[in-house]
Amino acid sequence: MTAPALRLTGTARVGGRVLFGPLDLAVPGGEWCCLLGPSGAGKSSLLHLLAGTSGAVTLDGSARAGDGAPLAGRVALMAQTDLLLPWLDLCDNIRIGARLRGTRPSRAQAEALLDRLGLAGMGARKPGALSGGQRQRVALARTLLEDRPVVLLDEPFSALDVATRLAVQDMAAHALRGRTVLHVTHDPAEAARLGDSILLLAGGQIRAVAPPPDAPPRAPDATATLSATGHLTRLLLEAA
Amino acid sequence: MTAPALRLTGTARVGGRVLFGPLDLAVPGGEWCCLLGPSGAGKSSLLHLLAGTSGAVTLDGSARAGDGAPLAGRVALMAQTDLLLPWLDLCDNIRIGARLRGTRPSRAQAEALLDRLGLAGMGARKPGALSGGQRQRVALARTLLEDRPVVLLDEPFSALDVATRLAVQDMAAHALRGRTVLHVTHDPAEAARLGDSILLLAGGQIRAVAPPPDAPPRAPDATATLSATGHLTRLLLEAA
Amino acid sequence: QDRLTLVLDWFVNPDHGPIIVAQELGYFSDVGLEVEVIAPADPSDPPKMAAAGRADLAVSYQPQLHLQVAEGMPLTRVGTLVATPLNCLLVLADGPVQQIADLRGRKVGFSVAGVEEAMLAAMLAPAGLGTGDLEMVNVNWSLSPAVMSGQVDAVIGAFRNFELTQMALEGIEGRCFYPEEHGLPPYDELIYVANPDTLDPDRISRFLAATERAVQYMVNHPEDSWRIFADSAPELDDALNAQAWTDTLPRFALRPAALDHARYARFESFLHEAGLIETPRDVAGLARDLGAPQ
Amino acid sequence: MTALRLFLPVMLALALWQGAVTLLAMPPFILPDPLRVAGTLWTSRALLADHAMVTLTEVLAGLALGAGLGWISAVGLALSPGAARLLRPLLVFSQAVPVFALAPILTLWFGYGIGSKIAMTLLIIYFPVTSAFFDALMRPPAGWEAMARVMGGSPARILWHIRIPAALPGFLSGLRLAAVYAPIGAVLGEWVGASRGLGYLMLLANGRAKTDLMFAALLVLAVLTLALHRAVDRGCLALEARRLR
Amino acid sequence: MTALRLFLPVMLALALWQGAVTLLAMPPFILPDPLRVAGTLWTSRALLADHAMVTLTEVLAGLALGAGLGWISAVGLALSPGAARLLRPLLVFSQAVPVFALAPILTLWFGYGIGSKIAMTLLIIYFPVTSAFFDALMRPPAGWEAMARVMGGSPARILWHIRIPAALPGFLSGLRLAAVYAPIGAVLGEWVGASRGLGYLMLLANGRAKTDLMFAALLVLAVLTLALHRAVDRGCLALEARRLR
Ligand SMILES: Nc1ncnc2c1ncn2[C@@H]1O[C@H](COP(=O)(O)OP(=O)(O)OP(=O)(O)O)[C@@H](O)[C@H]1O
Ligand SMILES: Nc1ncnc2c1ncn2[C@@H]1O[C@H](COP(=O)(O)OP(=O)(O)OP(=O)(O)O)[C@@H](O)[C@H]1O
Ligand SMILES: [Mg+2]
Ligand SMILES: [Mg+2]
């Protein structure tokens, strides 16, 4: 499995008005790219354009893989809402993708994944019996189990406490190493910690921000991480 | 309108197992209290117990106002999911509480509130045409318009970018000044910025943490705020 | 044993006495027939089933036969079950209608069968009335209740051997105007019809012979035959049927296979004059005497 | 395009019909072939139009009343669980009564005019509307109701502002069923006692062995039903689409 | 408690009935009073039980077949929008055809045995099940479907794993309706031609103005319908509650 680069060019429109662009966004293959920007800037729309699920948003341009082959079938998307199916237990929820493709991964594999996300022994519960942060982790587990070269994450850690967030970030960083990840987040510290590259979507334009020099996942309290966090925070405050 | 204190004592159970307690939690009347804790610790359940909407969670003890009068009718709850009604436009969504009580606040008032939350001119949109952060702000607007002495907020700013978050925090802090606020958050910086008092729910027990000395909302980059943030982060990391 | 399928005109009732008695007494097996009797709910179905070859024989009404043949259905009468009209114009005995002329401006109910307008017109004519002088309402499912409750002043299509008894059992006295006494040519109420192209004269003749034997038994032993009929199915054993049995006995065709040519010719021309049939046919196209030399 | 969409099902129906006649060797007095019925349709067009108008009036009146009453009943039942437990069996009961048992009662109350036909139509469509709407009202998304209770909404206002709008798809589902059943209700009403309308015409044609005319009337009834169902379906879809946009 | 819940509606129905008879001065040949019917119910109990068993068999067979076929049809239509556009009008059409037009056709195909009764029951309940389920299948929550498409699910598998479970409440809503219509369907089926069953008994009693027996049979039919509806409703509620817990 080689992870393709991502390229989105052109202008996105919604409800008759320009959402962003014209712009040219590139995510190098096999890298983790963090995308920040004001609420309503179009980050989620951008992910949906790449995944091919943009509802009301239209793109006048192209959203495709760097290798020219179609993206369909190579993308996993973790949307901003968890989209858990209330009638399936957690194990079946995270295996739904496989089911939809007609394969059937073992329950043990699903249980193990839940385990690593701090949800040990909950595999037989229904989503209705979970807390907000637990639901978010199940949605992440489902995305990871998809095992795709391109992974699009929309605020995947926003409902987690500090400790869980760090642990889950590490876990995701390892699990997705070598894949092309586009990760939307509002947390500058998260971007500074995880991004091979960092992009800012504001005022309809994309702007690249230099990440800290060392390889992610970085220590949250390393000086480079903290200063990158500060820098990003300032940029975001200016962007608004 | 005098804002009563909140008191929750006893043991909460869910699905046959103890969720938290026995504990004794008190929120002084008219203060802003931040509640932190690991995901799944029972923070949302605690809010629902106070609001009287705990579904599967039962409390062996009491959850009531400090003044002895019933809490019902004096509480506004912003739950973890936005619960917007998809068939109402934003103005009607945030006025739904008044409608349910048979009164009818002006549309202009609703529009003004949306305006102050950075959603100017969107009053006639339906929730389906919003981004995640925009939906969260509408849910907050709805809670604020309830105009209740006791306000329970469950991660109200989690989907907002840094700049919007600061602005909305300030706006909420001013709007809710003098009311009793119990605010669940995962962001230590947020707690350090807004809390008159800060509580930690972990391992089924409540523990008070000293807030910075000055009055909230505090400058996000003030030394006291930053050091309280650091202190809280460490406590949360230990709690996990 | 030869099989023969017979569709009645409606659910089993005393009108079907000869058939049930012949079945119960084994007269059919005596002539080498195994008869399957089918009871439908809608009287317009049986002739269709016979014409379609789904049944060997069907019980139908003479007026219907004329209409159906005129519309091109392959049907012919092969025997007679009840040889007088049963239909009557029913009114309350102490009601406002004491003679036909009293019907002017009143409501008459009917259950759609196709000929009631023509019948009523014929009955009204001697009194100097036309159907335009009164209001006709289709009351489909409830002929006698409509009269009893006074919603209509008369109904046409009631059966004289049932409806009067029925009303009497409810404590209300009814009265019948008999069509054949008021200008209508007499006709056979219940007849056996078959598809003329596929009918098997031999089996049908045997069938008719068996019912003829049953009618004779019934006339000779009214009480015994009633018991035989009532015991054939529990829901049949009631006061109404017992009375109807007595009232119907004299009306069964004593010679089921016999054909009165003139009767069919008269009724055909009556319907033609009433405008219900465009081109009248001769009796050979309507009815057969299976015993006649070919 | 729309013309084609309407045209294709009609063609398919005709093909099926002709196929049944030809392949199963249906005699014309049981199922006449389409061409023959088309001929009758044309020669009797004035008669058919006349009777169709009567039936249409009954259908529309019955549909409006039935949908309205069904709406009110479902809301009433949802408002009071006690009443629901008591009255729902009665509703079910009302559906178990066959027409011919009701006919005399209906005519006794409503006479032989349009009243008894509308009553019958109403009776037929009232239940699917009530049942489908009530079912939907009884499963509101949990979060909304809890929120509304915290806000101090009375059960009646929660019903009005939350449960009813949330259950709208269920009501519309019932309405679609009602659109299909309304014409059959009117026909049943005409059987109860009438001297006009498509149902009456069908009975008459059946009695006179005029199968062509009966099927022509049936065809008119079917087209009427289709048109009504289509109109209601369109209306429902438009409403559902618009209210979330 | 359960006994009381069953008892109250029955008492209410009897009270309404007696009230109608007394207040509206209903003549007994149109609506006999409950006591009289109770008498007939008792004296004819063997007869009624016998015929009720026949009808029950038809009802259960028709319900199982109708629900099954309705399920399959709705799923088939949902799978192929083209087929839906083509076939849905035909379904509507099938509901617009009155029984007496169908009766000869049905008997020609199925004969006078239990086949034609089951066919009629099926025809009556097939549509509400299909319609309600299809409606629900056509409005799946948008997010789930998009997610499933990104995951590479084929339309058939998305239908199976997402749309069908999400539409279950709609199917159950249709099933509840079907439970109410199945008995009336069997009665109509007996109309096609029968010599046993409650429908036969009612028609016979009606044709001979034996109103007591007709209402006694009607009562048995109503109780049968109520029991069936209750059983199906209970089953549905239990299923809905369990699958989200
Ligand atoms: N119906 C239920 N059955 C069993 N356990 C339940 C049920 N509902 C909730 N829980 C459990 O109760 C615990 C508390 O949930 P709660 O939503 O209060 O957590 P929280 O502190 O708000 O977490 P988060 O920060 O993730 O939102 C969780 O561990 C959850 O799994
Ligand atoms: N159907 C629609 N009609 C009009 N505007 C829409 C529609 N759908 C989305 N929008 C607008 O498009 C913009 C982009 O939405 P998007 O969800 O991509 O934002 P985002 O960057 O993900 O924001 P957030 O951080 O709040 O999630 C928003 O301003 C939103 O209001
Ligand atoms: Mg977003
Ligand atoms: Mg929570």
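**Figure 1. Charges and surface of chain A.** In this predicted model, the mean positions of the 25 positive and 21 negative charges of chain A lie 5 Å apart. Lys and Arg count as positive, Asp and Glu as negative; His and the chain ends are not counted. Each charge is placed at NZ of Lys, CZ of Arg, CG of Asp or CD of Glu. Chain A exposes about 8800 Å², and carbon and sulfur atoms supply 53% of it. Areas come from the Shrake-Rupley method with a 1.4 Å probe; for residues, only the protein chains shown count as cover.

**Figure 2. The fold of chain A.** Chain A has eight helices and nine strands. These are DSSP runs, numbered from the N terminus: helices (H or I) have at least four residues, strands (E) at least two. The radius of gyration of chain A is 18 Å, close to the 18 Å from the globule rule for 240 residues, so chain A is as compact as a globular protein of that length. The radius is taken over C-alpha atoms, and the rule is 2.2 Å times the number of residues to the power 0.38. Of the 240 residues, 58% count as buried. Buried means under 20% relative accessible area, exposed over 50%, partly exposed in between (1.4 Å probe, protein chains only).

**Figure 3. The magnesium ion (ligand 3) in chain A**. A:Ser44 (OG) and A:Gln80 (OE1) coordinate this ion at 1.9 to 2.2 Å. The pair links distant parts of the chain, 36 residues apart: A:Ser44 in helix H1 (residues 43–51), A:Gln80 in the loop between strand E5 (75–78) and helix H2 (90–94). A:Ser44 is buried, at 19% relative accessible area. A:Gln80 is partly exposed, at 28%. Donors are N, O and S atoms within 2.8 Å of the metal (3.2 Å for Na, K and Ca); water is not among the atoms, so sites may look incomplete.

**Figure 4. The magnesium ion (ligand 4) in chain B**. Here B:Ser44 (OG) and B:Gln80 (OE1) are the coordinating residues, at 1.9 to 2.2 Å. B:Ser44 is buried, with a relative accessible area of 18%. B:Gln80 is partly exposed, with 28%.

**Figure 5. Around A:Arg95.** A:Arg95 sits in the loop between H2 and helix H3 (96–100) of chain A. A:Arg95 counts as buried, at 7% relative accessibility. Its contacts (heavy atoms within 4.5 Å) include A:Pro105, A:Ser106 and A:Leu145, leaving aside residues up to four places away in sequence.

Residues are numbered from 1 along each chain as written, chains are lettered from A and ligands numbered from 1 in written order. Local features need pLDDT of at least 70 and side-chain atom pairs 80 or more, while totals for chains, interfaces and linings use all residues; side-chain values use heavy atoms, without hydrogens and water.
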